[in-house]
Amino acid sequence: QVHLVESGGGLVQAGGSLRLSCAASGSIFSINVMGWYRQAPGKQRELVAAITSGGSTNYADSVKGRFTISRDNAKNTVYLQMNSLKPEDTAVYYCNAELRGTTTPGRVYWGQGTQVTVSS
């Protein structure tokens with residue numbers, strides 16, 4: 001069994017910062033890509049940022065220069081540092097990991113989501 005547990009969401013004023021964390025636990029053999037997605041009310045879930053095990057990153061255009069994704073491979077944890085937050089960043093943020101379990105084939109796992117609300 002594999003679990004992804006997110007933390008760090010909350011309410012912040014526009015221009016402020018938040019740091020999200022997501023820890024993967026369980027019977028994990030290897031993790032390839034870890035990432036963050038978000039879903040605002042009435043909108044589709046969208047990719048925010050992703051990072052490979054080697055450290056290559058990919059960002060949505062809307063967050064480039066403001067958000068930074070990083071990971072600690074030893075802790076199976078991915079982080080999202082969010083600066084200069086805007087009201088349009090308000091959404092539920094989901095952690096995502098493409099990983100292989102010790103007894104299961106590779107697949108994508110999702111966290112439960114954490115709410116980020118940016119007030120104007």
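Mentor: What follows is a close look at Glu6 and its surroundings. This is a predicted model, in which local features need pLDDT of at least 70, side-chain atom pairs count only at pLDDT 80 or more, and totals for chains, interfaces and linings use all residues. Residues are numbered from 1 along each chain as its sequence is written, and side-chain values use heavy atoms, with hydrogens and water left out.

Glu6 belongs to strand β1, residues 2-7 (strands are DSSP runs of E, at least two residues, numbered from the N terminus). Glu6 is buried (under 20% relative accessible area with a 1.4 Å probe, protein chains only), yet has no salt bridge (a side-chain nitrogen of Lys or Arg within 4 Å of a carboxyl oxygen of Asp or Glu). The nearest side chain of opposite charge belongs to Arg45, 7.8 Å away; in this count Lys and Arg are positive and Asp and Glu negative, while His and the chain ends are not counted.

The side chain of Glu6 instead meets backbone atoms: a polar atom of it lies 2.6 Å from the backbone nitrogen of Cys95, and the side chain also reaches the backbone nitrogen of Gly113 at 2.6 Å. Not counting residues up to four places away in sequence, Glu6 touches Ser21, Cys22, Trp36, Tyr93, Tyr94, Cys95, Gly111, Gln112, Gly113 and Thr114, where touching means heavy atoms within 4.5 Å.

Elsewhere, Arg100 lies over the face of Phe29, at 4.7 Å from the ring centre, and Arg107 over that of Tyr109, at 3.9 Å (CZ of Arg within 6 Å of the ring centre and within 35 degrees of the ring normal).

Conventions:
Helix = DSSP H or I, 4+ residues; strand = E, 2+ residues; numbered from the N terminus. Buried < 20%, exposed > 50% of the residue type's maximum accessible area, 1.4 Å probe, protein only. Polar contact = N/O pair within 3.5 Å; in protein donor to acceptor, adjacent residues only side chain to side chain.
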